[in-house]
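The entries follow the order in which I looked things up.

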Amino acid sequence: PERVVAATLALEDHRFRSHPGVDPVAVARALVQDVRNQSTISGASTLAMQVARMQDPGPRTLPRKAVEATTAVLLTARYGRDAILAQYLRLAPYGNNIHGIAYAARRYLDKPVADLSWAETAFLCALPQAPSRTNPFEPKGRARAVARARRILDVLHAQGLLTDAELALAQDEIGRLRVPDKGGRPHDALH
C-alpha cells in the first residue's frame with residue numbers, strides 16, 4: 001500500500017526516487033560524521049544497499065560496503081526502484097525472526113498489511129532500523145518503536161501526506177497500540 005511506501009521512505013531513504021542506488025549526499029554526511037567522531041556513526045545505506053546486504057550477508061567492512069554500493073547501483077539500474085522497494089519490504093527484519101512487512105503486520109497487529117492505519121504503518125516501519133532495540137514484545141523496545149513511529153508521522157505530515165487531523169488521530173492511536181502476547185510453545189509440543 002502507498003502508506004507503507006511513504007512511511008518506509010520517510011526515514012529510511014527519503015531521496016530514494018532520485019539517487020541511482022547510492023545516495024551521494026548521505027555518503028558525504030556519513031563521512032563527515034565518521035571523521036569528526038573518529039568512529040562509525042552513520043553508514044549511509046540506501047534501501048538498495050540494504051537489499052544487497054540482506055541478499056548476500058557479510059561482515060560490515062569498508063570493502064564490503066563498496067561491494068554493496070556497486071550491487072545497489074546495478075540492482076536499481078536493472079530492476080528499477082519499485083522492484084527494489086518491494087524486495088526490501090519482503091526481506092526487511094522486523095525482529096523476533098520476522099521478515100517482511102506482511103508477516104510483521106500479521107504477527108504484531110493481527111491484520112493484513114492493506115488494513116493498517118497510519119499509526120500502525122508508522123509503528124511497523126519503525127522496526128527495521130534496529131529490530132532488536134525496538135522489540136514490540138518488550139516495554140523499552142515498544143517505547144523506542146513508538147518514538148521512531150512518531151518521527152515518521154511528523155515527517156509524513158511535513159511532506160503533506162498527512163493532514164493535521166490525520167496526524168492528531170495517528171499520534172493518539174499510536175500510544176494505544178496493542179501487540180498480541182508473544183506466546184510460547186505448548187509445554188507438550190514434540191519440538
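Entry 1, ground rules. I am working with a predicted model, in which local features need pLDDT of at least 70 and side-chain atom pairs count only at pLDDT 80 or more, while totals for chains, interfaces and linings use all residues. I number residues from 1 along each chain as its sequence is written, and side-chain values use heavy atoms, with hydrogens and water left out.

I looked up how helix H3 (residues 47–55) lies on helix H5 (residues 81–91), and found an angle of about 50 degrees with the axes 9 Å apart; helices here are DSSP runs of H or I of at least four residues, numbered from the N terminus, and axes are lines fitted to C-alpha atoms over the stretch in contact, with angles from 0 to 180 degrees between N-to-C directions. That angle makes H3 oblique to H5, since angles under 35 degrees count as roughly parallel, over 145 as roughly antiparallel, 65 to 115 as roughly perpendicular and the rest as oblique. I noted the crossing of H3 past H5 as left-handed, the near helix being turned anticlockwise from the far one by less than a right angle (clockwise would be right-handed). On the H3 side the contact (heavy atoms within 4.5 Å) is made by Leu 47, Ala 48, Gln 50, Val 51, Met 54 and Gln 55, and on the H5 side by Ile 84, Leu 85, Gln 87, Tyr 88 and Leu 91. I sorted the residues of this contact into 8 nonpolar, 3 polar and no charged, where Ala, Val, Leu, Ile, Met, Phe, Trp, Tyr, Cys and Pro count as nonpolar, Asp, Glu, Lys and Arg as charged, and the others, Gly among them, as polar.

I found H7 and H8 packing at an angle of about 120 degrees, their axes 8 Å apart, which makes H7 oblique to H8. H7 passes H8 in a right-handed crossing. Trp 118, Ala 122, Phe 123 and Cys 125 of H7 meet Arg 142, Ala 145, Val 146, Ala 149, Ile 152, Leu 153 and Leu 156 of H8, and this contact divides into 10 nonpolar residues, no polar and 1 charged.

I then followed Ile 152 of helix H8, which counts as buried at 1% relative accessibility (buried is under 20% relative accessible area, exposed over 50%, partly exposed in between, with a 1.4 Å probe and protein chains only). Leaving aside neighbours within four places in sequence, Ile 152 is in contact with Ala 7, Ala 10, Leu 11, Ala 122, Cys 125 and Ala 126. Ala 7 is 145 residues away along the chain, yet the two C-alpha atoms are separated by 6.3 Å.

Which residues of helix H9 (residues 164–174) are buried? I list Leu 167, Ala 170, Gln 171, Glu 173 and Ile 174; they cover an arc of only 165 degrees around the axis, which puts them on the same side of H9, the arc being that of the directions from the helix axis to the C-beta atoms. These buried residues pack against helix H7 (118–125) and helix H8 (139–158), whereas the face turned away carries the exposed Asp 164, Ala 165 and Leu 169.

Ala 143, in helix H8, counts as partly exposed at 46% relative accessibility. Arg 64, in helix H4 (residues 62–79), counts as buried at 15%.

Note on methods: Helices (H or I, at least four residues) and strands (E, at least two) are DSSP runs, numbered from the N terminus.
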